[in-house]
Amino acid sequence: MSNFQSISFFYPELILTVVILGAIIYDLFIDKSISGRVGWVVITGLAFVALAIHFQNGLKTTTLFSDAIVLDPFASFFKQIVILATILVSIVSLSSGELDEYRKGEYFALLGIITFGLFLMVSSIDLIMIYISIEIVSIMSFVLAGYLKKKARSNEAALKYVVYGGFSSGIMLFGLSYIFGLTGSTNIFQIQQSVTQLDLASSTALTLAIVMILAGFGYKISAVPFHFWTPDVYEGAPLSITAYLSVAPKAAAFALMIRFFNQTFADGGAMNGLDSISLTQLPWPEILSILSVATMTLGNVVALQQESIKRMLAYSSIAHAGYMLLAMPVMSGDSIYAIMMYLVMYLFMNLGAFFVVIIVKNKTDGESFNDYKGLGWEMPIVGAAMTLFMVSLTGLPPTAGFIGKFYIFASLIKGGSTFYWLVIIGGINSVVSLYYYLKVVKYMYFEGERTDKILFPPNTLSGALIITAVPSLLLGIYWNPVANWIQNSLVFFIQTL
Amino acid sequence: MDYNILSWLIWLPIIGVAAIAFIPRDKVDLIKIVSAIATGLQFLLTLVLWNNFDSSIGSIQFEEKYEWIPSFNIEYYLGVDGLSIPMVILTGLLFFIGVFVSWNTKKAVKGYFALFLLLNTGVMGVFLSLDFFLFYIFWEVMLLPMYFLIGMWGGPQREYAAIKFFLYTLFGSVLMLIGVLGLYFTCGKTFNIIELTQVAPEALSGILWWGISAIKVIWVLIFIGFAIKVPVFPFHTWLPLAHVEAPTAISVLLAGILLKLGVYGILRVNYGLMPDGVYWFSYALALLGLVNVVWGGLCALAQTDLKKLVAYSSVNHMGYSLIGMAAVVAAGESHGLNMKAAQAGLGGAVFQMFNHGTISAMLFILVGVIYERAHHRDIEGFGGLASQMPVYTGITAIAFFAGLGLPGLSGFISEAMCFIGAFPVYRWIVIASTIGILLNAAYFLWAFQRVFFGKLNEKYSNLPEINRLELFTVVPLLIITLFFGIYPAPYIDLIASTMDTIINHVVSLGSYASM
């Protein structure tokens, strides 16, 4: 579709652009003390964007802007996920004590721009577009990670993030150039066509290209061995941004990865219960398997030794990326379904856990386990919610986390006996993770003095906590609506050349 | 019966939890009364269920079935048969008694009873659910309350004990989940246990994974999950610790009911779904039973802590159950169709579950009574209590004798049945496990002698006698033990037709050859 025609299908993104510009301009006219109001502008704007995306559902799936991006239910699903995460994080940012010293206007505008970048990421089908969208997200993340400019830690986080980000996206670009060189196209459908016709001699180069591209994807989802930035950046960045980085860019990167592997190296048929057929003899499923095992094992084992809850959650988010990667090598309709399911569950439980960390940070100005002593008695609702999030992150029923794991494991077992070893390792990993998640619970209830004074967090934080806690429990008992939503969203745009 | 009685059994405690949530935390007595009412009603309902249960039918009764998650073919499916009904009644009884055992809890009463009732729902749910997914959810729901109950209200090493219990059990249940998913995808995408019982034996045969029969793989995965709960040697090391550190009421429930979940699961799932596996594994099962009997006995003999002694006696007693279960193969052709032996063995195993439930509950309550007064449980630290607390001594004597399997008390009947059943098949194992009986008698009698006879320890010269509340918790169990010791027929009749169903199922569908 030509550029001009595409505009009419691009209106959610256009609304978002208007919202971002509006936020920036509005910020110019208000005092610093009330700059939080910009947040409400962004939140309201995002709600409208979500509505707009919802109304796009009936439209046909198509490519936009001369085959740069696509409009399909799969992309819309991830856009909604991203919006949900952005809205929740924005609400919490309004009452996060860390940010109070700073002007919040740009903060929310930058969050809006990241959202825009993520929208492009989940819908791009062109190598150039893939790269540009990743960069939009990365650059905005660098700024936000260093938002606490008076804190050395935050500056360190931003710098580390830039160095690692620059390095890995450079490698990725190099890998993409290999693919372009071998196939002569940047459009993934044309690449798919050419890849099948390549001779055996070029498969080494192609494998190398895959590994290099994985450096870029792996960096975004913080998969081992591209994870080294994660703990430091997560620790230094403002808590609300850490929460955001652990969910939204990860979800978008998974969407991008699924699209890329499903439609360049397989036939793209992995939807609605179908299996995709690998078109090449390249060992990408094996590479992904090893990556996932390394990711979750390292994430879990290192998380065991952390003293700071923020760092522990950083490693736990690495481990969760590993669980989701587990389903990637199968690349069947069920495994993509499982990853989507996991992401929905992960969104609620992981954001919720970070929200509790923000509440505690506001109270004690600390993030170590010692700051959680007696929390369960002092703030019963927060304590109960945190217990729920921890149990859910471990993956115990009847919580959302269990359903996520259940679908991942089920898709692997259905995938056949080549994947059984992955299930066993995944299972053992979730047992290991129990230890450090329950350590939080132990500190909250078993340690510290009991008090009769009961504290409540501010209303916005309580609200965000409830919005995340209720689905974390409810989706573990009845997840039919989510299952249906994913079922309807598992439709890719496929171009037959 | 169309009143959804099984759903009420499961969800009554949750109503109790909801009620407790609204009571202010300083109204301690009200919280206890609400808990007593919730568990009391549940116990009454189990009796109603028993009254309406038709013991001549060997299949599922009181079925309740609703669609839950259609896209994964998950159902809310409840039912009860002769295998589960004794356990359901025992659950109702012990949780009701448990409320009174924990009546003197001082710390965070509201939290304690809320978790206690949540645990009740989990346990009841496991016994009643016949959909594997539902079963698994209830199975896991038990873990968190148990973790808190041990970790918060337990003894000095409580945190370590709680996490060890949790990690062990979760390890087992993750393996079980993998096994269940394997069953789901090989047997026509259903979690319905009753349907799987019909389909699985055929659907699984002939499938090979990495060159190993799928039956063996799934059997082992699921067996480990249940074996950790039983606990079968070498997975038993969490048990003494958890028992010793847990508060009395929780030890009672742990020994009385939670250990039975393992045996129940093996009989329901492994026996039902993989009859070929029963033949393959029965020898190992009997052998594991023998190890449990001897190892548990030896460990108990070495203990100086009275509660730890009782804990190891559980390992020892569950061993008899395993030996009895293994005797099912006696009814097969290769063992001369010895139906009587199979009936004795399996019936004995299921009877032993119930008897150990009542006897070990009694023992833990009695240990709790003395601990409450003396604040220690060191066997050597007492002496001559018989003159000081005659009633307590008398009751403890009966409980100890029941524990060591004295004829006339219920433990003897079930242990004898296990041995009678297993003797034609595993002769040397039965003979060897009589060592366990000797050990069993030795540790109980020796401990009894050290605590109650000899010169009275001056420190305890004004130890108060067992009080009425404590008597109220022990005496019902004592009566059951005495009654079934003399007249076990009601119990045997209750389970007999279901036992025959299981035996026929295993024997007709399983064989040595097909593995």
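Is B:Arg450 buried or exposed? Select this residue to begin the tour of the model, which is predicted. B:Arg450 is buried, its relative accessible area being 15%.

**Stop 1**

B:Arg450 belongs to helix 18 (residues 427–452) of chain B, whereas B:Glu380 sits in the loop between helix 14 (339–374) and helix 15 (385–388) of chain B, so the pair ties together parts that are 70 residues apart in sequence. B:Glu380 counts as partly exposed, at 48% relative accessibility.

**Stop 2: a charged network in chain A**

Next, select A:Arg153, A:Glu156, A:Lys160, A:Asp232, A:Glu235 and A:Arg311, which salt bridges with shared partners join into one network. Within this selection, the side chains of A:Lys160 and A:Asp232 meet in a salt bridge (2.7 Å, N to O). This pair links distant parts of the chain, with A:Lys160 in helix 7 (residues 152–183) and A:Asp232 in helix 10 (residues 229–236) of chain A, 72 residues apart. A:Lys160 is partly exposed, with a relative accessible area of 26%.

For a further pair, select A:Glu367 and A:Lys361, both of which are buried. Their salt bridge has its closest N and O atoms 3.2 Å apart. Over all chains, the structure holds 19 salt bridges.

**Stop 3: helix 3 of chain A**

Select residues 37–56 of chain A to display helix 3, which has 20 residues. From first C-alpha to last, helix 3 of chain A reaches 29 Å, close to the 28 Å expected at 1.5 Å a residue. Its buried residues include A:Val42, A:Ile43, A:Leu46, A:Val49 and A:Ile53. The buried residues of this helix pack against helix 2 (11–28), strand 2 (69–71), helix 4 (73–94) and helix 5 (105–123) of chain A.

**Stop 4: the interface between the chains**

Finally, show both chains: 41 residues of chain A are in contact with 35 residues of chain B. The area buried between them is about 3,600 Å², of which carbon and sulfur atoms give 80%. Select A:Phe406, A:Val431 and A:Phe446, which supply 18% of the area that chain A buries against chain B, more than any other three residues.

The count between chain A and chain B is 1 salt bridge; to view it, select A:Lys442 and B:Glu159, whose side chains meet at 3.8 Å, N to O. Helix 18 of chain A gives the most to the side of chain A that touches chain B, with 14 residues. By class, that side has 29 nonpolar, 7 polar and 5 charged residues.

Conventions:
Residues numbered from 1 in each chain as written. Chains lettered and ligands numbered in written order. Heavy atoms only, no water. Salt bridge = Lys/Arg side-chain N within 4 Å of Asp/Glu carboxyl O. Helix = DSSP H or I, 4+ residues; strand = E, 2+ residues; numbered from the N terminus. Buried < 20%, exposed > 50% of the residue type's maximum accessible area, 1.4 Å probe, protein only. Expected span 1.5 Å × (residues − 1). Contact = heavy atoms within 4.5 Å. Buried area = accessible area lost by both parts, 1.4 Å probe. Nonpolar A, V, L, I, M, F, W, Y, C, P; charged D, E, K, R; others polar.
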